[in-house]
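Please open the structure in your viewer and display it as a cartoon. The tour begins with the whole chain and then moves to one pair of elements.

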Amino acid sequence: MMNQTSSISSIMQLDNTGKNYIYTDEQLMARFQKEDEQAYIELVNRYRDRLINFVYRYVGDFDISEDIVQDTMVKLYQKKHYYKEIAKFSTWLYTIAKNLANTELRKRKQRKVTLLSRITKDDKPYDIPADQPGTDQEIQSDIVNKIISDHNGAITFLYPEDHDVSRGK
């Protein structure tokens, strides 16, 4: 019972007298809508960790979950005047987070990324490109030289005055 009460409301010191006031989420949001920055900070502190856990269940990546929760808090700040007390504040905030998580999941589907750690032996073999510079150029040079040597007689026949192809004439 004590735990449930503490999740619904929070102690927040709003003046210099040292008195503590207890506000519900909806009351904090109403204060924030009246430009009370401390109410916003309290809402962020109250929901940040819970939202990270919630979003992590959707996306499965902690870093991305943190980014989504940060975006959620930015949206909360920017769209504070859209909140109406017809719904619980937590429902409204979790809906924002869920929508942002779904957007991230849609972006992931559009990005075709193959992680090498997830390739199994049943998958098609994947050749990792060589790190040596100029490997492609060496292969191309070898091919060009082979073509030139195979067709040197034809080149000499067509261009007798410029038969030395290696000099670039």
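Begin with the entire protein chain, which is a predicted model. Of its 169 residues, 23% are buried. The chain contains seven helices and two strands, and from the N terminus these elements follow the order α-β-β-α-α-α-α-α-α. Consider also the contacts between residues at least 6 apart in sequence: 50% of them join residues at least 24 apart.

Next, select residues 37-59, which form helix α3. At the N-terminal end of α3, display the side chain of D36, which caps the helix. One of its side-chain oxygens lies 3.1 Å from the backbone nitrogen of Q38. Move along the helix to Y47, where α3 bends by about 40 degrees. Y47 is also one of the buried residues of α3, among them A39, L43, F54 and V59. Just after the helix, select G60 and note its positive phi of about 70 degrees.

How are two packed helices described? The description uses the angle between their axes and the distance between the axes. The crossing of α3 past α4 is right-handed.

Finally, show the side chains where the two helices meet. On the α3 side, the residues include Y40, V44, L51 and V55; on the α4 side, they include F62, I68, M73 and Y77. Which kinds of residue make up the contact of α3 with α4? There are 16 nonpolar, two polar and three charged residues in this contact.

Note on methods. Residues numbered from 1 in each chain as written. Predicted model: local features only at pLDDT ≥ 70, side-chain atom pairs only at ≥ 80, totals over all residues. Heavy atoms only, no water. Axes fitted to C-alpha atoms, helices over the stretch in contact; angles between N-to-C directions. Helix = DSSP H or I, 4+ residues; strand = E, 2+ residues; numbered from the N terminus. Left-handed = near helix turned anticlockwise from the far one by under 90°. Contact = heavy atoms within 4.5 Å. Nonpolar A, V, L, I, M, F, W, Y, C, P; charged D, E, K, R; others polar. Bend = angle between axes of the 7 residues up to and from the residue. Buried < 20%, exposed > 50% of the residue type's maximum accessible area, 1.4 Å probe, protein only. Polar contact = N/O pair within 3.5 Å; in protein donor to acceptor, adjacent residues only side chain to side chain.
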